[in-house]
Amino acid sequence: MNAPKRSVTTLGQFIIERQADFPYAKGELSRLLRDIGIAAKIVNREVNKAGLVDILGEMGTSNVQGEEQKKLDVFANEQFIAALGSGGECCAVASEENEELVAISTDVSKNAKYVVCIDPLDGSSNIDVNVSIGTIFSIYRRLDPNAPVTEADFLQPGVNQVAAGYIIFGSSTMLVYTTGKGVNGFTLDPSIGEFCLSHPDMKVPNSGKIYSVNEGNAMQFPQGVRDYISYCQQDDKATGRPYSSRYIGSLVADFHRNLLKGGIYIYPPTSKAPSGKLRLIYECNPLAWIVEQAGGMASDGGQRILEKKPGSLHERTPLFIGSKDMVRHAEQFLTQNRG
Ligand code: P6P
């Protein structure tokens, strides 16, 4: 009798089966993603009952960005750092919630080969109104595993990432990641507590009919961005315009929808934020690698995101990300306006 066909492929089974995809094998990626998956399940449990327990609302503190820290922000940050610390593969974390890098000095981790950049709970302003939020992570090998970990280990260009992914806490909870061999999505099955392969080999359509930008800031945008938005809004059946404007206010949620359906997300420079709002090392680089691995594109309006050399842990960058043809088109409007 043939062995019964397995009905699901869990994240753990998938990573082991694809061990060869991660050149630094010996189970290291497995343990890193296992640790992130464990923390994601714990955070998911709290996100799903946030309205019922005293975990909503502000902490009364602010993070390095000067943004109010929500209780769930702090909880998520603690869970991811604790999980990475106990897993033994990560020696330090750079988090949106911490001004300095967090060295993990446990015996099991202090000599580990990897560092992790993380936005533990992106879109946290949406927590209290029950809108999708997410976690974004990026993994690098240390520059010199025999030297003490420093900021330089985190300031590598995005092309040096060895793994990157996000978790979206939405109508379902998904973990999406890449190690440079394509993009795969796993949906959490609460009945078995496992992330199960649900979106193998994800590809973003080359074009789409969705643009995502906070149009409330339009008067602060460069002229080329305003011209591109006007282009999206014009009535032209041959090119499927007007496009639909969709902006959730959670980068992970807007990115994930555009990855599946095609579209472009833009956070441009504004007069108040000349370098844009989003952070390079723990928001833009991981999503840029994922979108490129899925056939899309990510730039700052002129330069490939993954080739930017970070100067500091919390450096911001403008972001144009999504379907390749749409990002290229938006860049053309910017170039035309540079004179
Ligand atoms: P704005 C959330 O604070 C975030 O970092 C992203 O998740 C989101 O896309 C963006 O900022 C929203 O910013 O200025 O449009 O409210």
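The structure is a predicted model.

**Ligand site**
- The residues surrounding the ligand are Asp122, Gly123, Asn214, Tyr247, Gly249, Ser250, Leu251, Tyr265, Tyr267, Lys277, Leu278 and Glu283.
- Tyr247 places a side-chain N or O atom 2.6 Å from an oxygen atom of the ligand.
- For Asp122, a polar side-chain atom is found 2.8 Å from a ligand oxygen atom.
- The side chain of Asn214 has an N or O atom 2.9 Å from an oxygen atom of the ligand.
- The protein buries 81% of the 400 Å² that the ligand exposes when taken alone.

**Helices H5 and H6**
- Helix H5 spans residues 251-261 and helix H6 residues 280-293; their axes lie 12 Å apart and form an angle of about 10°.
- Angles under 35 degrees count as roughly parallel, and H5 and H6 are therefore roughly parallel to each other.
- On the H5 side, the contact involves Leu251, Phe255 and Leu259, which meet Glu283, Leu287, Ile290 and Val291 of H6.
- This contact between H5 and H6 comprises six nonpolar residues, no polar residues and one charged residue.
- Leu251 and Glu283 take part in the contact between the helices and also belong to the ligand surroundings.

**Backbone features**
- Most residues other than glycine have a negative phi, and most peptide bonds are trans.
- The peptide bond from Arg241 to Pro242 is cis, with omega near 10°.
- Pro242 is located in the loop between helix H4 (223-233) and strand E12 (244-245).
- Asn130, although not a glycine, has a positive phi of about 65°.
- The loop that holds Asn130 runs between strand E5 (114-122) and strand E6 (133-141).

How values were computed
Residues numbered from 1 in each chain as written. Predicted model: local features only at pLDDT ≥ 70, side-chain atom pairs only at ≥ 80, totals over all residues. Heavy atoms only, no water. Near = heavy atom within 4 Å. Polar contact = N/O pair within 3.5 Å; in protein donor to acceptor, adjacent residues only side chain to side chain. Areas by Shrake-Rupley, 256 points an atom, 1.4 Å probe, with all protein chains shown as cover. Axes fitted to C-alpha atoms, helices over the stretch in contact; angles between N-to-C directions. Helix = DSSP H or I, 4+ residues; strand = E, 2+ residues; numbered from the N terminus. Parallel < 35°, antiparallel > 145°, perpendicular 65-115°, else oblique. Contact = heavy atoms within 4.5 Å. Nonpolar A, V, L, I, M, F, W, Y, C, P; charged D, E, K, R; others polar.
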